Each structure stands twice: as structure tokens, then as C-alpha cells.
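Visitor: I have a model open beside me and would like to learn how to read its features. Could you take me through it step by step?

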Amino acid sequence: MILELDCGNSLIKWRVLSTGERVAGGSVADVELLVVVLQEAELQPTVLRLVSVRADAETRLLIERLQQAGIERVLRAEPALSLAGVANGYADHTQLGLDRWLTAVAGYVDCGKACLVLDLGTAVTVDYVAADGRHLGGFIAPGLQLMRSQLKLHTRRIRYQGSEMVPTAHAPGDNTRDAVERGCMQMLQGFVFYLMSEGRRYLGEDFVVYLTGGDAELVAPLLPEAVFDADLVFAGLALACPIKED
Ligand SMILES: Nc1ncnc2c1ncn2[C@@H]1O[C@H](COP(=O)(O)OP(=O)(O)O)[C@@H](O)[C@H]1O
Ligand SMILES: CC(C)(COP(=O)(O)O)[C@@H](O)C(=O)NCCC(=O)O
Ligand SMILES: [K+]
């Protein structure tokens, strides 16, 4: 059994594969919770395949904890100049977030043509891959939770309970919560529309849009033509760290 992890800045996304098939998965806040969840589900993976954008020391501790819990073999995605026909577009390829790299590669391998990958997590990341496999770089912007929390952190009177994000609610807010929630949502949605038009400039008319990350469902209704794939990073991880069992 293989345990796959995508260690993002907010959550650890996990899946367990048995003979190449997903048998369980979810997201957890930390590795201790993951160990408990695996024990309760009576899952005992021995191979770990992971991608992490966390600090190296934190990632090492996480791996050690899982080794104590029964992991025998570890494969970790590393920066690369090229993979599966995609050429890393960063001036220093080691600086490109590995989650971005894997989703860009997975998108290109899936469609075989130009693509735009939007990952709406802690940060919103945007990556362009041209039809010939050149990764053109992209953009990094704050995600929804970051936008909200920064407004609360740096103001005295933005205080409200709940975060009722309704993707289609656009009317001017008549209370603090709706004003902030809709304002942040419109920042995100406006950004996505802008990226689509920029996409035509960089990629031409014919490109596929991939949508992933914890907040992807909030913009999915705006992009009916986009491919929504919550597991895009795992598809990239399998390409970066192939295992016989795949
Ligand atoms: N239970 C949750 N805990 C944290 N974030 C959540 C949760 N449910 C939804 N989210 C949203 O998902 C985003 C995190 O998405 P994710 O793709 O997991 O990010 P990352 O890869 O950066 O950890 C948060 O910014 C938040 O807006
Ligand atoms: C941009 C990110 C913080 C996104 O992380 P996430 O929102 O998935 O937690 C991550 O890809 C990262 O740390 N990148 C390194 C900087 C770069 O890609 O240029
Ligand atoms: K992200």
C-alpha cells in the first residue's frame, strides 16, 4: 500500500493506494491526526510518496513520524529542470513551488496541449504551460482565507462570525460580513477572469484550464469549461516518483 501526501501550507491532503487504486483519502491539519486516521481505518501503508511546500525541517519530522508508524520506503518529489515533456520556466528551477510544478506537469500530460493551472489553496497559484511543453511561469496571490484574515488582522472593526461564501452573491453587502466575504470573492473571481484573458495572450486561443485546491469549487461555476481535478497534484506526484505498483 502506498500513502501519498500533498503537504500544503494549510492542510495535508492524503490518499492511500492499493494496487494502483485509491482506497481512502482526505485532508488533515497535522501528521498526528493522519496517524490516528490511518490507524482507525486499519490502513498500514509501507511506502510513502510525498510532495511538500513546507520547511525542510518540518517535512523531515513529518516523514520520521510516519516511519515510526510503519513507513519503510520514502519517495519525495524534488525540483527538476524537466519532467514528462514539460520544461521548468523559472530562472532558478529550485525556487518553483513543487506543488505548482507537479500540477503544471500533470495538466500538460493530461491534455497534451497548452494549459493554465489554477490552484486555489492558501495561496492562489497560476501556471502557464505552452503547447510545446514550456512552462512560462505564473503568478502567486493570496488565497481567500488569507485575504479575510489579513483584513481582520490589520483593522479594528472588521469583526464577524462565520464565513458564508456564496459564489453567486454579488450584491453590495449591507453588513460587515457580506461586504468582506463578497469583496474577497470578487477579488478572486475578477482575478480568474483576468487570468483567462491573459491566458489567450500567452497560450493562444486553444488551451485547457485546470482547477484544483481547497477553494476551487468556489470559482468552478465561473469556469464551466475548466477541468476540476482535486487530485491533480497526485497525478503529478506519480509522474515525478513512479513506483512499480502504479
Ligand atoms: N477545514 C479547512 N481547514 C483549512 N482550510 C480549509 C478548510 N476547508 C476549506 N478550506 C479552504 O481551503 C484552503 C486550503 O486549501 P488547500 O488546497 O488545502 O491549501 P494548501 O495546499 O495551501 O494547504 C484554505 O485557504 C481555505 O480557504
Ligand atoms: C506559492 C506556494 C506558497 C503555494 O502553496 P500552497 O498555497 O499550495 O500551500 C508554494 O507553491 C510555494 O511555497 N512556492 C515557492 C515560491 C514559488 O513558487 O515561486
Ligand atoms: K496553492
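This is a predicted model: local features need pLDDT of at least 70, side-chain atom pairs count only at pLDDT 80 or more; totals for chains, interfaces and linings use all residues.

Visitor: Which residues does aspartate 99 touch?

Guide: Leaving aside residues up to four places away in sequence, aspartate 99 touches Val51, Val53, Asp119 and Val233.

Visitor: What does UniProt list as "binding site"?

Guide: An unreviewed UniProt entry lists Tyr90, Gly97, Leu98, Asp99, Arg100 and Thr176 under that heading. These positions spread over 87 residues of sequence, and in space their C-alpha atoms are up to 40.3 Å apart. With a record like this, remember that annotations may be inferred rather than shown by experiment.

Visitor: Where does threonine 176 lie?

Guide: Threonine 176 is in helix H5, residues 176-203. Its relative accessible area is 35%, so threonine 176 is partly exposed. Its contacts, not counting residues up to four places away in sequence, are Arg157, Ile158, Arg159 and Tyr160.

Visitor: Now the ligand. Which residues come nearest to ligand 2?

Guide: There are 13 residues around ligand 2, and Asn9, Tyr90, Gly97, Asp99 and Arg100 come nearest. For polar contacts, look for pairs of N or O atoms within 3.5 Å. The side chain of aspartate 99 has an N or O atom 2.6 Å from an oxygen atom of ligand 2. For the side chain of arginine 100, the corresponding distance to a ligand 2 oxygen is 2.8 Å. Threonine 122 takes part through a backbone N or O atom, 3.3 Å from an oxygen atom of the ligand.

Visitor: How much of ligand 2 does the protein bury?

Guide: Ligand 2 alone exposes 470 Å², and the protein buries 78% of that.

Visitor: What about side chains that pair within the protein? Which partners does the side chain of arginine 15 have?

Guide: Arginine 15 sits in strand S2. Its side chain makes a polar contact of 2.8 Å with the side chain of glutamate 4, and another of 3.1 Å joins it to the side chain of aspartate 231. Arginine 15 is buried, because its relative accessibility is 14%. Among the residues that arginine 15 touches are Ile2, Leu3, Arg22, Ala24 and Phe234.

Visitor: I would also like to read backbone angles. What is phi of threonine 19?

Guide: Phi of threonine 19 is near 40°, a positive value in a residue other than glycine. Threonine 19 lies in the loop between strand S2 (12-18) and strand S3 (21-28). With a relative accessible area of 64%, threonine 19 is exposed.

Visitor: And where is alanine 84?

Guide: Alanine 84 is in the loop between strand S6 (82-83) and strand S7 (86-87). Alanine 84 is not a glycine, yet it has a positive phi of about 50°. At 41% relative accessibility, alanine 84 counts as partly exposed.

Key: Residues are numbered from 1 along each chain as its sequence is written. Chains are lettered from A and ligands numbered from 1 in the order in which they are written. Side-chain values use heavy atoms; hydrogens and water are left out. Contact means heavy atoms within 4.5 Å. Helices (H or I, at least four residues) and strands (E, at least two) are DSSP runs, numbered from the N terminus. Buried means under 20% relative accessible area, exposed over 50%, partly exposed in between (1.4 Å probe, protein chains only). A residue is near a molecule or strand if one of its heavy atoms lies within 4 Å of it. A polar contact is a pair of N or O atoms within 3.5 Å; within protein, one must be able to donate a hydrogen and the other to accept it, and residues adjacent in sequence count only if both atoms are side-chain atoms. Accessible areas come from the Shrake-Rupley method with a 1.4 Å probe; for residues, only the protein chains shown count as cover.
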